[in-house]
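Subject: Structure handover

Hello,

Here is the structure for you to take over.

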Amino acid sequence: MAFRIGVDIGGTFTDFALIDDSNGRVAVHKVLTTPRDPSEAVLQGIDELLAREKQPIQQVVSVVHGTTLVTNAVIERKGARTGMLVTRGFRDVIDIALERRYDLYDLRLKLAQPVVPRLLRREVDGRLRADGSEEQALSLEQVLSEVTNLRQQDDIQALAICFMNSYANGRHEEAAREAVAKRFPELYLCTSSDVLPFMREYERWTTATVNAYTQPMTDRYLGRLESELQRRGFTGAFLVMTSSGGAVSAALARRYPVRLIESGPAAGALMSGFLGVLAGAPNLLSFDMGGTTAKGALLRDGQPLKKYELEVARVHEFKQGSGLQLRIPVIDMIEIGAGGGSLAQVDERGLVKVGPQSAGAEPGPACYGRGGKRPTSTDCNVLLGYLDPNFFLGGRMRLDAAAAGQALQSEVAKPLSLEQDRAAFGVHEILNEDVARAFRIHASELGFDYRRCSMVAFGGSGPVHAMRIARKLRIPDVIFPAGAGVMSAIGMLVTPVSFETLRTRRVALAELDAAKLDAHFQPLIDQASAFLKQAGIARNEVTVLRRLDMRYRGQGYEVEVTLPAELSGPVLMAAIPELFRKAYSETFSQTHPDAPMEVVNWKVEGIGPRPKVAGSYQVLGPAGGQVDKGTRKAYLADKGGFLDCRVVNRYALKPGDTVTGPALIEENESTCLIGPGDRAQVDPRYNLIVRLAY
Amino acid sequence: MQEFDAVSLKIMWDRLVSIADEIVLSLVRTSFSINVREGYDLTCVLFDARGRTLAQGTYSVPSFCGTAPQTLQHMLRRYPAETLRPGDVVMTNDPWMGTGHLYDINVMRPVFRGDKLVGFTMSVTHLPDIGGVGFSATPVEVYAEGFRMPVVKLMHAGKLNEELLELFRFNVRVPDENVGDLMANVTCNEVGGRALLDFMDEYGIDDLSPLSDAIQEQSARAMREELLKIPNGVYKNAVDIEGIDEPIRLAATVKVNDGRVAIDFEGTSGPVRGAINVPICYTRAFSYYVVKCLTIPTLPNNEGAVRAIDVTAPQNCVLNCEPPWPTGGRHAVGHFVVPLLMGAFAQAVPERVITEPAMMTVFSVQGKNREGHDISSLFFLAGGFGAAKGTDGLSVTPAPSNMTVVPSEVWENLTGIVVERREMLADSGGPGEFRGGVGQEVVFRNDTGHLLTVGFVGQRTQFPARGLFGGQWGAKRTYFVNGKPVHPKGRHVLQPGDRFSTHEAGAGGYGDPLKRPLERVLADCREGLVTVEGAKRDYGVQVDARSGGGQRIATAAQ
């Protein structure tokens, strides 16, 4: 018997999923997050879940863990006191940033502050040229005296070593790291060329400083968790989820904590892909909506689209460009300021606006009865009859519909002379429109055609909004997964161990041959393989994906070319120009047959074997009970008002059952709203697949 | 007029904006122009059948505020609406009918539902090249600046005007990329038109005009409410800026009267013999931009939003030049409309305005890189951003538009010119209760092994950014070759190993520097943005460099 556990720490709850690999059965669990020390909830939940399922921890072969620890530390500025060693003349690079305003109309624009203050950045002599050759030797004497000073005067705990052109040659950074490590073994150190050898000093150094800043706490946290698990008798692999949708060994996570940012949502998107493939719908929109935000991702062939950019700690709610710019491999996700707690109000145009401000958990929506006086999207969903005030969180919390009505009247309906029902539906629909817009815009940025895709909808607020959003996008069907409340935790269980990296080397294609091509890739492949080995994956189990960022010489923009795994040597070399032209013309609808080409970035992804999840995978089992819970008056826009609407107990539905809308299908954490004529069917894994009536 | 409530108007309006945004983003993704890709130097607008704005893309630079409706009117004068057929595509890059210089191509496509004209879509993008002398201030007539097209049809009923395209290709340096961008405009308008038709189907709308009326009305009402908060009065301001041979004076009178704003540029200098003249469309765009920033920054652009704003300028002044004055670098003068009007509005709404920003430098380099390939590149650098009541100016941030910055490592890799230093300049921010943003020092070394020609274009070398309400000037901009200050407009030939550098200017301060809280002055000193001498001289604060403490030795007059 072999079990695996996935753990995802969220803002309110820490979620758990335990899979029995012999039969694919998944058991789930939730406990309250313990913000002061998140590992408490993790250990408590694992203990409870294993006790409930009557399994000893010795049967568990791996624990995959996703955490918001790093994200929160950067947002709340709770990382370590961090210093920076930087090439003389460049200490202000992380302040000067991109010299760009993210909003040209806001005269009081704020920018994200670097995590290392100017005072703690120290310049040293030593310079490499753009080709990596040495122009001036590194002054180790200055390195040591500056670090001594930072250590003694400023009590730094971590140090980022960031030199010019280190993407081309990391040896100055490495020499500085060695010297400092010898003298100050207690300091946490990281070099920008090790974190990601990418050309562009501002982003690379920002990434390195955030990495150093979060290293001490990540190290302590994962160390504690690992030793506590061992104390309980756990002997399996302890893995940590990264933002790119792969898991890494705890050792690697401690070396690159910056890669853990946004790992929970990444696991959710990955789970969407897994479910979509099982359901025969590999091209997908993953839609996850909670209390304050919604997250979206686009998936092709079950794989989420990726990129090498991530913004963290935005100082302006949801404004792209207002955060710290990181370069790490990530799943490309959109974040929308829309959720159950989103506030409805009158905007500057005199129209209804929903979000991005949120009532948060305290006071929360007006209907929570905790003193909130402003109407939220959840308040409106109660007024519209979509949510049952007596069955919120499975009946654990009673909602006050009258308070919701009052808040909506005073803040929106009355000032805009709207009937209450109209205002409530307006808020619901505006939120739907905002989400649909974000998907449309994201898809057109990426040139992604979503019209034949399915949507996977989850999160506490996703299912009540998904159908109307899907209709706006002309999407044919929506999948409401079983276990929607713990999607990210389950997602950890389908995640392979993987490591992805890149480096910048601008090389003319004409100067390359098969041997040189391999020589450029080899160090990256070796690195990825070595890291995977740490996580217990043998080299022959590793699948290597090679990609190139290429362009025509003289152009300022690259396109990504994926090299087919089955090609190698001269055959591969000969195929590259055509692969590039194909990728190029997909973006630009043309090519320049005679123009010289060059490679800019070299990318490698090493992927371990995908966890084999039994085809009989299922989260929910037969529970029995009454399917019908009666009817409730719900607002159906297409029918022009409130109508009796069938209420269904999701847990009582069996594979093959169908429900035709209008219907409200309730589970503890959420309610699916199915419109008139839409037809839901329960698949063998207890997922609800709803086909829209057009 | 058909009624739309606050819900349906919101949903339909935002949906239209989102259609425009989608077109903008697909153009950005496929564009060859670096200005478009990195600087969002483009826009897209949807119109109803009468040529009135429904929506404009959210992301675009200020120079496109309110220009497209005028451009469309020029197009419809040449090709009246009733003569247009499905599949027609009309375009122009005329600076006076379009957006102020030849680089911007305006491409319009009528939208038909069956055979009924229901609207128009238009996109505007900055082309990679337009022929002529290239990006330069030297032309004295527009004819030298490149290929100028009146309102012409690129497509007749879906059929490409091959001869026109051939002519266009023949007149530009990178024809493939230019035609690529031109056709991307054509495609995106087609996509936009389809999206507009889908929108009409989805909402069961036969005629977009009632919706555009409602959008314009709602915008006008929202704007009027805000404008009524600005006290009535006549507010004047003038700024002097560097010209071609002698300084240029820009002058403005802003009359605010019960929610109406009249802006006139009487007193502004005449056109100049260099490509920095500004057509009125551009002056108007930046005037609208200022009012928008001061009132409702998030209000979508349309005629309703600017209905209460009149912009006039004397005939043939530098802010209202006529053909054939050259306009390629119209931003060099036109951007100053922003500080000019901010200074006037400062008298009316002191708590809303920002001080004069330091603007930016554009410099060009020509030579060979280390590999022996020709290089010819533009490099942008920003000075400090203006301060406002309650807010220090941002350091090293461009204004009033955005720019494309090249990272030092990318620059070194492509050109072989080494960047030796990039540092914020202490004491360059204008002292004030709220300090102006600081500029930067950047030092380059010609490591190419070849001769290198460098030319600078930047303002504030003679006229610094001024402060407001007792706030002081920011530091001026200075260019150096081998450490010696050089003429700011010159071109310089550098030997291998020579250095050139710039001190980017600082922005003006806001309010009396002696009122700046002591702890803020000390914090600036600790961070190195103000020196110990600067603290004493500008803020009346004696700082103990060793402890970082200090005390006030001069206080503000009460």
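This is a predicted model: local features need pLDDT of at least 70, side-chain atom pairs count only at pLDDT 80 or more; totals for chains, interfaces and linings use all residues.

Residues are numbered from 1 along each chain as its sequence is written, while chains are lettered from A and ligands numbered from 1 in the order in which they are written.

**Where the chains meet**

Chain A gives 52 residues to the contact and chain B gives 58. Two residues are in contact if their C-beta atoms, placed from the backbone, lie within 7 Å. Several elements of chain B each supply at least two residues to the side that touches chain A, among them α1 (8-30), α5 (175-203), α6 (209-227) and β14 (417-424). Helices (H or I, at least four residues) and strands (E, at least two) are DSSP runs, numbered from the N terminus. The most comes from α1(B), with twelve residues. By class, this side of chain B has 24 nonpolar, 19 charged and 15 polar residues. Ala, Val, Leu, Ile, Met, Phe, Trp, Tyr, Cys and Pro count as nonpolar, Asp, Glu, Lys and Arg as charged, and the others, Gly among them, as polar.

**Domains**

Chain A is assigned domain 1 (3-73 + 220-260), domain 2 (78-210), domain 3 (281-475), domain 4 (498-607) and domain 5 (628-679). Such bounds come from an automatic or database domain assignment. In chain A, the C-alpha centres of domain 2 and domain 3 are 39 Å apart. Their contact uses 13 residues of domain 2 and 14 residues of domain 3. The domain 2 side has six nonpolar, five charged and two polar residues.

Chain B is assigned domain 1 (8-221) and domain 2 (354-511). Their C-alpha centres lie 34 Å apart. Domain 1 of chain B puts ten residues into the contact, and domain 2 of chain B puts in seven. The domain 1 side has six nonpolar, three polar and one charged.

**A helix pair in chain A**

Helix α1 (residues 38-52) and helix α7 (residues 201-231) of chain A have axes that come within 10 Å and cross at roughly 25°. Axes are lines fitted to C-alpha atoms, for helices over the stretch in contact, and angles run from 0 to 180 degrees between N-to-C directions. The two helices are therefore roughly parallel (angles under 35 degrees). A:Ser39, A:Val42 and A:Leu43 of α1(A) meet A:Tyr221, A:Arg224, A:Leu225 and A:Glu228 of α7(A). That contact has four nonpolar, two charged and one polar residue.

**Buried spots**

Helix α9 (residues 337-345) of chain B is largely enclosed by the rest of the structure, because nine of its nine residues are buried. A residue is buried if 20 or more other C-beta atoms, placed from the backbone, lie within 10 Å of its own. The buried residues of α9(B) include B:Pro339, B:Met342 and B:Phe345. They pack against β8 (233-241), β9 (248-257), β10 (260-264), α7 and α8 (331-334) of chain B.

Which strand holds A:Ile19? A:Ile19 is in strand β2 (residues 13-20) of chain A. A:Ile19 counts as buried because it has 25 C-beta neighbours inside 10 Å. Not counting residues up to four places away in sequence, A:Ile19 touches A:Phe3, A:Arg4, A:Val26 and A:Leu493.

Best wishes

Note on methods:
Angles under 35 degrees count as roughly parallel, over 145 as roughly antiparallel, 65 to 115 as roughly perpendicular and the rest as oblique. A residue is buried if 20 or more other C-beta atoms lie within 10 Å of its own, exposed if 12 or fewer, and partly exposed in between; C-beta atoms are placed from the backbone.
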